[in-house]
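Biologist: I'm new to this one. Can you walk me through it?
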Amino acid sequence: EHSGFISFTLHLIKELNQIGKHRTAETYMTTLNSFVRFRKGKDVLLEEVDSSLMMKYESYLKSTGICPNTTSYYMRILKAAYNYGIKKRWIKENKYPFQGVFTGIEKTAKRAVGEEVVHKLEQLDLRNKPLLDLAKDMFFFSIYTRGMSFIDIAYLNKENVNGNILVYKRHKTNQKIEVTLPDCAMRIVRKYAAIMTESDYLFPLLYSPGRKKVTAYPTALHNHNDRLKKISELLGLSVCLTSYTSRHTWASLAK
């Protein structure tokens, strides 16, 4: 008998692994980890899983800068887990908790920007606006590293770089990736090494050397997107640059 939604979903993941559905179990685990972060590790009783809780979770996901399709994907997985609980009669009464949240698929807007925007951004002098300058550098660092995702950049440690070789594990898939850093990327690494003397992080995204403060990842992502929005306004762009834009821009430029 499982009284908590988190412990119940963990049990379901265990079952999936036992019957050899490892990929499915993995996606459930990724989703559950996100839900656990939202709940700050606190379980919630199965009978307390209702639409107001799921709407709060949805706005939490939005605040971390996740795109609507990912939010919807997480919701669909939790919904499948919940429905399984009903089928197994672990959940006595269906409260239809997913009625108020988006579980569809949104047509994704074209996220890449053209070469002319990249050149415009390159020429933008932000030296007197260090936080916007940081966002610009991270945007280019992502492009220079074949579309590295923001979460992977944020968690980079100095030991990930050896000479001009960058070795890291993808947060999402745990896959090991090795990239040779071009000179333009190395310039960015050296620039921040000068100010990140008392932290193991490569860039001041999860740690601010000035304020000597640690920043939680969702906050760091929110700040980054916020700064890119300001840069988009400075450039007079009709589309807003986001942490995804650099990945997609690299892909379309490479293509």
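This is a predicted model: local features need pLDDT of at least 70, side-chain atom pairs count only at pLDDT 80 or more; totals for chains, interfaces and linings use all residues.

Biologist: Which residues of α9 are buried?

Modeller: Tyr-217, Ala-220, Leu-221, His-224 and Asn-225 are among them.

Biologist: Why would residues three or four places apart point the same way?

Modeller: An α-helix has 3.6 residues a turn, so residues at that spacing point the same way.

Biologist: Which residues other than glycine have a positive phi?

Modeller: Arg-146 is one of them, with phi near 60 degrees. Its place is the loop between α6 (130-144) and α7 (150-154). Arg-146 is partly exposed, at 45% relative accessible area. Arg-89 is not a glycine either, and its phi is positive at about 65 degrees. You'll find Arg-89 in the loop between α4 (68-87) and α5 (115-123).

Biologist: Is Arg-89 buried or exposed?

Modeller: Exposed, because its relative accessibility is 69% and the cut-off for exposed is over 50%.

Biologist: New topic. How many salt bridges does the structure hold?

Modeller: Seven. One of them joins Asp-133 and Lys-191, with the closest N and O atoms 2.8 Å apart. Asp-133 lies in helix α6 and Lys-191 in helix α8 (residues 183-193), so the pair ties together parts that are 58 residues apart in sequence.

Biologist: What else meets Lys-191 in a salt bridge?

Modeller: Asp-137 does, at 2.7 Å, N to O. That pair also links distant parts of the chain, since Asp-137 is in helix α6, Lys-191 is in helix α8, and they are 54 residues apart. Asp-133, Asp-137 and Lys-191 are linked in a network of salt bridges.

Biologist: Which members of that trio are buried?

Modeller: Asp-133 counts as buried at 11% relative accessibility. Asp-137 counts as buried too, at 9%. Lys-191 is partly exposed, at 38%.

Biologist: What about Asp-125 and its salt bridge?

Modeller: Asp-125 pairs with Arg-127, the closest N and O atoms being 2.8 Å apart. Asp-125 is partly exposed at 48%, and Arg-127 is exposed at 70%.

Definitions and conventions
Residues are numbered from 1 along each chain as its sequence is written. Side-chain values use heavy atoms; hydrogens and water are left out. Helices (H or I, at least four residues) and strands (E, at least two) are DSSP runs, numbered from the N terminus. Buried means under 20% relative accessible area, exposed over 50%, partly exposed in between (1.4 Å probe, protein chains only). A salt bridge is a side-chain nitrogen of Lys or Arg within 4 Å of a carboxyl oxygen of Asp or Glu.
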